[in-house]
Each structure stands twice: as C-alpha cells, then as structure tokens.
Amino acid sequence: MQSQTIDPAKTALNHHHAATTDAHHEEHPDHRIFGLIVFLIAEGMIFLGLFGAYLAFRATLPVWPPEGTPELELLLPGVNTVNLIASSFVMHNADTAIKKNDARGMRTWLGITAAMGIIFLLGQVYEYTHLQFGLTTNLFASAFYVLTGFHGLHVTIGVVAILAVLWRSRTKDHYNSEKHFGIEAAEIYWHFVDVIWIILFGLLYLL
C-alpha cells in the first residue's frame, strides 16, 4: 500500500483559488432593489391596462356611471385616502430610523404603518358591505370592484410584507444601517400601493 503525499504547492493554489472565488462572489452587485422595481413596473402595467379600460368605458358610453347607479359616498374613501397617504410618511420614518441604527424606532414605525394598512382594508370592507350595488349590477359596478379589489389585494400583500419584516427584526442586528434591504423593499412597495390608490380615488370618486 502506497502512502499519498500532499503537494504543498497544490494545497496553497487551491486555497488561493477558493479565496479568490469567495471574494469574486462577494463583489457581485446587489440587484434586489432593481428586481423589485422591475416587478413593480410590471404590476403598474397591469393597473395601467385596467385604468385604460375604465377610461375607455367612460369615453364610449353616453352616460357614466350608467343610469340608476347609486352615487358613491366620499367621506369614508376620503378618510381612507388620507390614512394611506399618511402611512407612506410613517413608513419612511421606519427606513430613516434603521439607517440611524434605531431598531426600536424602526419597529415602532413599522407597526404603526401595518396598523394603518389594516385600517384601510377594514374601511374598504365596510364600504363594500354598504354599497347599494353589486359586482354584476352594471359595467361601472364591475369596474369599481375589480379596480378597488385588485388594489386591496396589493395592500394586503404590503401589510403581510411589513409584518414579515417586523417578525424578522426580532433577531438582534438582523437589520442595521448597513443591512436593511427588507425595510427598503417594503417601503418602495408601500409607496407604489399609495400612488396607485391616489389614481384610483381620482378616477372612481372624483371624475
């Protein structure tokens, strides 16, 4: 049985190659935010298609909304709009806090943002239960439920994302001034949801 000898030169070469490979991997740029933005652009295109369809219906029909459609109340949607816009500023405070390594402040602002998102959803459910038309009443009713319902789905996803970030932040130093992708991504998504609602509010309630 022959004994095997280890070539020091090969060992050093392999070690150098592994270290070089690790360094190469570490140098890769972080494209996660770019990927999120591309995703939101795709989502925005879906909303753009829905907005275009709604405006086409409005432009081609002689009367809009169709005759007999009960008038929408503005008070609750208006309060919901103010609430959602304000929540974007609250969400930004969470991002600002973690960039100052203020984890407690970050969790507080995130919790408030999630609560405001839940309040928005509850307000939308309350509005649905008090509307005097259903999904199939007429074309306006169908468009109303599709647009607001699709947006509500995105708000729900945003709330879940914020709660997930809150859950992960329980681990010490999971987020800090140098590592806060989860918070930044949730903030960008939440601003997207906010902008979409402002457009929806203008189309459905004000025009």
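Among contacts in the chain between residues at least 6 apart in sequence, what share joins residues at least 24 apart? The figure is 79%, where contact means heavy atoms within 4.5 Å.

Some ground rules. This is a predicted model, where local features need pLDDT of at least 70, side-chain atom pairs count only at pLDDT 80 or more, and totals for chains, interfaces and linings use all residues. Residues are numbered from 1 along each chain as its sequence is written, and side-chain values use heavy atoms, with hydrogens and water left out.

Now the layout. The chain has six helices and zero strands. Along the sequence, the pattern reads α-α-α-α-α-α. Helices (H or I, at least four residues) and strands (E, at least two) are DSSP runs, numbered from the N terminus.

Next, the surface. The chain exposes about 12,700 Å² of accessible surface, and 66% of that belongs to carbon and sulfur atoms. These areas come from the Shrake-Rupley method with a 1.4 Å probe; for residues, only the protein chains shown count as cover. Of the 207 residues, 37% count as buried. Buried means under 20% relative accessible area, exposed over 50%, and partly exposed in between (1.4 Å probe, protein chains only).

Let's go inside. The largest nonpolar core holds 45 residues. Such a core is a set of buried Ala, Val, Leu, Ile, Met, Phe, Trp, Tyr and Cys residues joined through side-chain atoms within 4.5 Å. Which members touch the most others? They are Tyr 54, Met 106, Leu 110, Phe 133 and Phe 144. At least two core residues come from each of α2, α3 (75-99), α4 (103-130), α5 (139-168) and α6 (181-206). Helix α6 gives the largest share, 14 residues. In soluble globular proteins, nonpolar side chains tend to be buried together.

Stay with Tyr 54. Tyr 54 is buried, because its relative accessibility is 2%. Setting aside neighbours within four places in sequence, Tyr 54 contacts Trp 64, Phe 140, Ala 143, Leu 147, Leu 203 and Leu 204.

On to the rings. The structure holds 17 aromatic pairs. Tyr 54 and Trp 64 make one that is edge-to-face, at 5.5 Å centre to centre with 80° between the planes. Rings of Phe, Tyr and Trp (its six-membered ring) pair if their centres lie within 6.5 Å; planes under 30 degrees apart count as stacked, over 60 as edge-to-face and the rest as tilted. Tyr 54 sits in helix α2, and Trp 64 in the loop between α2 and α3, 10 residues apart. Trp 64 is buried too, at 14% relative accessible area. Ring pairs link both into a cluster whose members include Phe 120, Tyr 128, Trp 197 and Tyr 205.

Charges next. How many salt bridges does a search of the whole structure find? One. The side chains of Lys 99 and Asp 95 meet at 3.0 Å, N to O. A salt bridge is a side-chain nitrogen of Lys or Arg within 4 Å of a carboxyl oxygen of Asp or Glu. Both residues lie in helix α3, four residues apart, about one turn of the helix. Lys 99 is partly exposed at 42% relative accessible area, whereas Asp 95 is buried at 3%.

Last stop, also in α3: Phe 89. Buried or exposed, at 60% relative accessibility? Phe 89 counts as exposed. Phe 89 and Glu 187 are 98 residues apart in sequence, yet 9.6 Å apart in space, C-alpha to C-alpha.
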